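Let us walk through a protein chain together. Keep the sequence and the 3D view side by side as you read.

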Amino acid sequence: MSTVNPVPARRRLGRRRGGTAAPYLFTLPAAALFVVFILVPIGYAVWLSVHAMRVRGAGFGIRSEVFVGLENYAQTLGDGGLYGSLLRMLGYGLITVPTTMGLALLFALLLDAPRVGGRRYARLAIFLPYAVPGVIASLLWGFMYLPVVSPITKGLEAIGLPAPNFFGDTSIFFSVANIAIWGAVGFNMVVLFTALRAMPVELYDAARIDGCSEWQIAWKIKIPLLRPALVMTSTFSLIGMLQVFSEPTTLRPITNAITADWVPLMKIYQQAFVENDIYLGAATSVFLAGVTVLLSLAVLAIFRIRAARSER
């Protein structure tokens, strides 16, 4: 009568358990970083937003942190300055998001077209501004905008043309948006170009055999297949619009057109670190984060609905 050796079975069971636990072990560092640097700060901001500092007692009193519930949120929602900053951010976004996505898509399609020389150098030249930090780019463009030292102003005056006012009440939106567009186009272009290079060339060859021009191939084949990459880059551009801070903050000392609460993040900085009310700043931060999530979900829903309609 044969007997079964239990040792191999135990080894196989141990291997199965080890194989099941391996993915969790690999993802543990990323999960730990996500908890420490994302979830914990969000939770702390929410905790601060429902508290406030109050003075109790006679005379100078004693400062103590108390729970105030939704009082900070009510003050945030009742602040007219916040809605003004949101409108200015929206005007800034109406310039940056379509222009950034349009230029990135145009450059990606041009670089992917056949018989294009210098593709590697052109791609590097378009991407290079993205490597410049936002503060440095704002300083560089700030000198370009200043009438005293601006080469643009001097060049136009040399040929008898009027110099533009880069710091006007309306033109300031284009001046700030230009800095963001200059830096963001390269990143989005690389994402879209990479997606184009991953597409099967057989589709293009078949379309050319059927008599399609390069414009028809781009419009009828490439752009529809780029929809997932376009959704991702559009969402990133939208989030970048909501997080605009360094460009107007850097330009503020050289112009009166940018106020301390020109965009929401500047207002949050003013509340938390200038007025020293971190609790109200936290409430405004949570409100802005909620707006960011809702707008991102709305963009994804719009693209999903359009994709479903196009598949019918």
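A salt bridge is a side-chain nitrogen of Lys or Arg within 4 Å of a carboxyl oxygen of Asp or Glu. The structure is a predicted model, in which local features need pLDDT of at least 70, side-chain atom pairs count only at pLDDT 80 or more, and totals for chains, interfaces and linings use all residues. Residues are numbered from 1 along each chain as its sequence is written, and side-chain values use heavy atoms, with hydrogens and water left out.

Start with the charged pairs. The structure holds seven salt bridges. One of them joins R208 and D205, whose closest N and O atoms are 3.4 Å apart. Both residues lie in helix α8 (residues 201-209), three residues apart, or about one turn of the helix. Helices here are DSSP runs (H or I, at least four residues), as are strands (E, at least two), and they are numbered from the N terminus. An α-helix has 3.6 residues a turn, so residues three or four places apart point the same way.

How open are these two side chains? R208 is partly exposed at 32%. D205 is partly exposed too, at 40%.

Now look at a bridge that spans more of the sequence. The side chains of K222 and D112 meet in a salt bridge of 2.8 Å, N to O. K222 lies in helix α9 and D112 in helix α3, so this pair ties together parts that are 110 residues apart in sequence. K222 is buried, with 3% relative accessibility. D112 is buried as well, at 8%. Salt bridges also link D112, R197 and K222 into a network.

Helix α3 takes part in another bridge. D261 pairs with R88, with the closest N and O atoms 3.9 Å apart. R88 is in helix α3 (residues 80-112) and D261 in the loop between α11 (246-251) and α12, so the bridge ties together parts that are 173 residues apart in sequence. D261 is partly exposed at 22%. R88 is also partly exposed at 22%.

Next come the aromatic rings. Rings of Phe, Tyr and Trp (its six-membered ring) pair if their centres lie within 6.5 Å; planes under 30 degrees apart count as stacked, over 60 as edge-to-face and the rest as tilted. By this rule there are twelve aromatic pairs. Y130 and F187 form a stacked one, 5.2 Å centre to centre with 25° between the planes. This pair links distant parts of the chain, 57 residues apart: Y130 is in the loop between α4 (119-127) and α5 (134-145), and F187 is in helix α7 (residues 171-197). Y130 is partly exposed at 41%, and F187 is partly exposed at 26%. W215 and W219 are stacked too, at 6.0 Å centre to centre and 15° between the planes. These two are four residues apart in helix α9 (residues 214-225), so about one helical turn separates them. Ring pairs also link W141, Y145, F166, F167 and W182 into a cluster.

Turn to N72, in helix α2 (residues 71-77). Is N72 buried or exposed? N72 is buried, with a relative accessible area of 5%. Which residues does N72 touch, leaving aside its neighbours within four places in sequence? Its contacts (heavy atoms within 4.5 Å) include L48, H51, Y279 and A283.

Contrast N276, in the loop between α12 (264-274) and α13 (278-310). N276 has a positive phi of about 60°, although it is not a glycine. At 62% relative accessibility, N276 counts as exposed.

Finally, see what the record says. The unreviewed UniProt entry annotates transmembrane regions, including residues 172-196 and 278-303. UniProt positions are given in the numbering used here, feature names are shortened, and annotations may be inferred rather than shown by experiment. In the model, residues 172-196 are 100% helix, and their end C-alpha atoms are 35 Å apart. Residues 278-303 are 100% helix as well, with ends 37 Å apart between C-alpha atoms.

Notes
Buried < 20%, exposed > 50% of the residue type's maximum accessible area, 1.4 Å probe, protein only.
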